[in-house]
Amino acid sequence: MLVFIGSGLGGGLRYIVSKAMTALVATPFPLGTFTVNIVGCLLIGFFSAIPATEGWMSPSARLLLTTGLCGGFTTFSTFMKESDGLLSQQLPLTFIAYLATSLIIGMLAVWAGYKIGIRL
């Protein structure tokens, strides 16, 4: 039930953030999906690092926030669909930039979130 609730909240937030980013900046680069995926990487790193001991976060709360909220907020399938769309639109440089920045900045965001979380 916790994953269900978190996923619903995450999916709703994904829709809002993605649409807002797309409305703010007109670009062939899929900025909406990029933004939610990077923010989700930062959050999952952070939530994963918060100590389960010392009463900081219960296993149930971690499940709600990581698997539920972050899982619903981020989207690999849309990332792949938009990547394919960039190729279909014959935008190979944008395609490469999207893939590379998503992977590199995503990993850096997970790492940064984790580092922030363990400092609590």
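**Helix packing and cores**

Me: What makes the largest nonpolar core, and which residues are in it?
Reply: Nine residues: Phe29, Leu31, Phe34, Ile38, Phe79, Leu86, Phe95, Tyr98 and Ala109. A nonpolar core is a set of buried Ala, Val, Leu, Ile, Met, Phe, Trp, Tyr and Cys residues joined through side-chain atoms within 4.5 Å. Buried means under 20% relative accessible area, with a 1.4 Å probe and protein chains only. The elements giving two or more residues to this core are α2, α4 (76-88) and α5. Another core, of five residues, lies apart from it and includes Phe47, Met57, Leu69 and Cys70.

This is a predicted model: local features need pLDDT of at least 70, side-chain atom pairs count only at pLDDT 80 or more, and totals for chains, interfaces and linings use all residues. Residues are numbered from 1 along each chain, and side-chain values use heavy atoms, without hydrogens or water.

Me: Why are α2 and α5 called roughly parallel?
Reply: α2 (residues 31-49) and α5 (residues 92-118) pack at about 30°, with axes 6 Å apart. Angles under 35 degrees count as roughly parallel. Therefore α2 and α5 are roughly parallel to each other.

Me: Which residue classes make up the contact of α2 with α5?
Reply: The contact has 15 nonpolar, eight polar and no charged residues.

Me: What does phenylalanine 34 contact, leaving aside neighbours within four places in sequence?
Reply: Phe29, Tyr98, Thr101, Ser102 and Ile105. Contact means heavy atoms within 4.5 Å.

Me: How many helices and strands does the chain have?
Reply: Five helices and zero strands. Helices are DSSP runs of H or I, at least four residues; strands are runs of E, at least two.

Note on methods. Axes fitted to C-alpha atoms, helices over the stretch in contact; angles between N-to-C directions. Parallel < 35°, antiparallel > 145°, perpendicular 65-115°, else oblique. Nonpolar A, V, L, I, M, F, W, Y, C, P; charged D, E, K, R; others polar. Buried < 20%, exposed > 50% of the residue type's maximum accessible area, 1.4 Å probe, protein only.
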